[in-house]
Amino acid sequence: NRRQFLAAAALSGLASACGSASASDPTTFRTELRVPPLLDPKVDKDGTRRFTLTMRRGLSEFLPGRPVETWGFNGPLLGPTIRAARGDEIRMTVTNRLDEVSTVHWHGMRLPAKMDGGPHQPIEPGATWNPHWTIDQPAATSWYHPHPHGQTARHVYRGLAGMFIVDDDRGEAGLPSRYGVDDIPLILQDKNLAEDGSPTGDPLKGTFGILGDHMLVNGTHRGFLNVGTERVRFRILNGSNARMYHLTFADGRSFHVVGGDAGLLAAPVEVERVSLTPGERVEVVVAFTAGEQVLLRTVSGSDDIDEGDFDLLKIVAAPRLTASPRLPGRLAGAPAPIVVPSNATVRRFRLNGHDAINGKEMDMSRIDEVVPAGAVEIWEVENTVYPHNFHIHEVAFQVIDVDGQKPAGYASGHKDTVYVPSKSTVRLAVQFGRFTDPGTPYMYHCHILRHEDSGMMGQFVIVPPGTANQVPRTIAAHH
Ligand code: C2O
Ligand code: CU
Ligand code: CU
């Protein structure tokens with residue numbers, strides 16, 4: 001058992017050698033944290049912003065001096081950060097330079113189904129895909145990653161993932177927002193690394209797939225980050241295949257959560273710890289004092305998908321810090337609470353095992369749910385077994401309750417992915433968008449990629465209100 005192994009390893013001093021420790025030596029955090037570059041768009045005369053992404057292979061060094069093959073967008077690993085504002089017209093040029101078919105899904109984006117980048121929008125090797133849409137959603141930290149049916153776990157584990165920041169001038173005032181200075185993305189991923197530094201392990205094996213013992217932040221193992229301002233906003237993405245993080249600082253300091261998956265919170269929430277399952281994001285603001293150092297770490301909770309305590313990143317504050325604006329008491333850019341009508345449709349989803357929802361394995365030619373445009377519905381997700389989570393494409397939702405209990409304050413805002421603890425029921429107030437397309441589905445699924453790939457996924461379409469009964473429940477699947 002891994003917990004026993006870790007305890008034994010810590011006693012024998014092995015823990016730091018294999019990269020895990022509840023109290024690691026901060027001097028071993030020697031590699032400067034890689035911060036993904038911002039992707040510069042080409043701006044047309046009419047203001048349209050054109051972004052170019054190329055999926056390709058390359059070489060990365062997870063362990064110094066040991067380059068290994070990885071996959072990335074526009075580079076060897078991960079991808080550049082896309083940043084766009086509400087109201088922007090976006091045009092993407094996505095080229096696949098891999099040897100196999102993939103897709104690029106905009107996780108957290110509210111857009112027409114044909115632009116979503118799920119399994120129905122394959123990009124063949126050598127081909128280019130050109131989705132386009134208008135950004136029309138509140139400020140949020142979204143991300144992008146491949147979504148080819150049955151292959152997502154492998155493609156993400158190889159390195160394909162990036163952040164997608166949405167700005168909204170309707171009220172981010174007071175929050176640090178200078179990218180790479182006081183607004184820093186942290187993409188958390190764990191890998192098992194062989195002696196030669198290459199990621200090993202079968203992402204489709206065991207109950208959860210990959211639970212690695214090397215923690216990477218933006219692809220950097222044992223990294224440090226120099227900060228020069230009194231407050232820093234971190235946009236944290238759990239981009240791991242399966243691991244759940246319970247994030248704290250080594251000195252137990254408190255910090256403020258200002259946003260979740262799909263937007264800002266109405267007001268900052270002070271915490272000492274936040275939990276994050278795969279696919280979830282959280283935005284936090286952390287205060288620093290001049291000259292200090294602190295480790296960001298994950299500690300084990302009572303879940304099965306967070307085995308072990310690990311230090312993730314060392315943060316080093318400069319001897320003199322630039323003043324930061326005061327954290328606002330209210331966040332004006334927070335989306336309005338989702339109001340559930342009294343006659344709201346209730347849909348029930350049952351998770352048992354790891355390869356089906358409501359007893360049905362994912363089938364690309366089957367439409368599981370038909371939702372009228374603009375609806376607000378209650379989705380009730382019951383988990384009868386070990387931990388899962390639940391992600392819905394296109395929507396924003398709020399957690400109504402978990403086994404009748406209100407969610408933690410920091411998890412009460414707009415989200416698109418939620419933890420569903422073992423043997424519990426989560427109720428969601430789900431707000432659907434207005435893009436209708438009866439023939440092209442969006443997905444809902446467990447975001448533990450091992451489960452998603454083995455069939456714990458379903459499909460829904462959004463249709464004009466009043467037409468649900470006329471919609472065919474079978475479609476032509478591309479693959
Ligand atoms: Cu992040 Cu359906 O995916
Ligand atoms: Cu998604
Ligand atoms: Cu699952």
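# Reading sheets and domains in a predicted model

Visitor: In which order do the strands of the open sheet with β25 and β29 run?

Guide: Strands of a sheet pair through backbone hydrogen bonds, either parallel or antiparallel. In this predicted model, 4 strands make an open sheet with mixed pairing, ordered β25-β27-β31-β29. Strands here are DSSP runs of E, at least two residues long, and helices are runs of H or I of at least four, both numbered from the N terminus. Two strands count as paired if DSSP finds at least two bridges between them.

Visitor: Why is one side of β25 and of β29 left without a neighbour in the sheet?

Guide: β25 (346–351) and β29 (396–402) are the edge strands; each has a single partner strand, so one side of each lacks a neighbour in the sheet. Ignoring direction, neighbouring strands of this sheet are turned by 25° against each other on average. That angle uses axes that are lines fitted to C-alpha atoms (for helices over the stretch in contact), with angles running from 0 to 180 degrees between N-to-C directions.

Visitor: How many bridges join β29 to β31?

Guide: There are 6 bridges, and β29 runs antiparallel to β31 (residues 424–431).

Visitor: What is the order of the open sheet of 6 strands?

Guide: The order is β1-β16-β24-β23-β18-β21, again with mixed pairing. β1 (31–32) and β21 stand at its edges with a single partner strand each, so each has one side without a neighbour in the sheet. Inside that order, β18 (residues 245–249) pairs antiparallel with β23 (residues 293–298) over 3 bridges, and L247 has T298 of β23 as its bridge partner. On to the next pair: β23 and β24 (residues 310–322) are antiparallel over 6 bridges. There L295 is bridged to K314 of β24, while Q293 stands opposite V316.

Visitor: Which domains does the assignment give the chain?

Guide: Domain bounds come from an automatic or database assignment. For this chain they are domain 1 (32–167), domain 2 (174–322) and domain 3 (346–470). The centres of domain 2 and domain 3, taken over C-alpha atoms, are 26 Å apart.

Visitor: How many residues of domain 2 are in contact with domain 3?

Guide: A contact means that two C-beta atoms, placed from the backbone, lie within 7 Å. By that test, 26 residues of domain 2 touch 21 residues of domain 3. On the domain 2 side, the elements giving two or more residues are β19 (255–260), β20 (263–271) and β21 (274–276). β20 gives the largest share, 5 residues.

Visitor: What does UniProt list for this chain?

Guide: UniProt positions use the numbering here, feature names are shortened, and annotations may be inferred rather than shown by experiment. The unreviewed entry lists "domain: Plastocyanin-like" at residues 62–169, 212–290 and 352–464. Residues 212–290 are 0% helix and 65% strand, with end C-alpha atoms 34 Å apart.

Visitor: Where in the chain is confidence lowest, and where is it highest?

Guide: pLDDT is the predictor's confidence in each residue, from 0 to 100. The chain averages 94, and 95% of the residues score at least 70. Helix α1 (residues 2–11) is lowest at a mean of 43, and β7 (residues 105–107) is highest at 99. Residues 1–21 stay under 50.

Visitor: What conventions apply to the numbering and the cut-offs?

Guide: Residues are numbered from 1 along each chain as its sequence is written, with chains lettered from A and ligands numbered from 1 in the order in which they are written. As this is a predicted model, local features need pLDDT of at least 70 and side-chain atom pairs count only at pLDDT 80 or more, while totals for chains, interfaces and linings use all residues.
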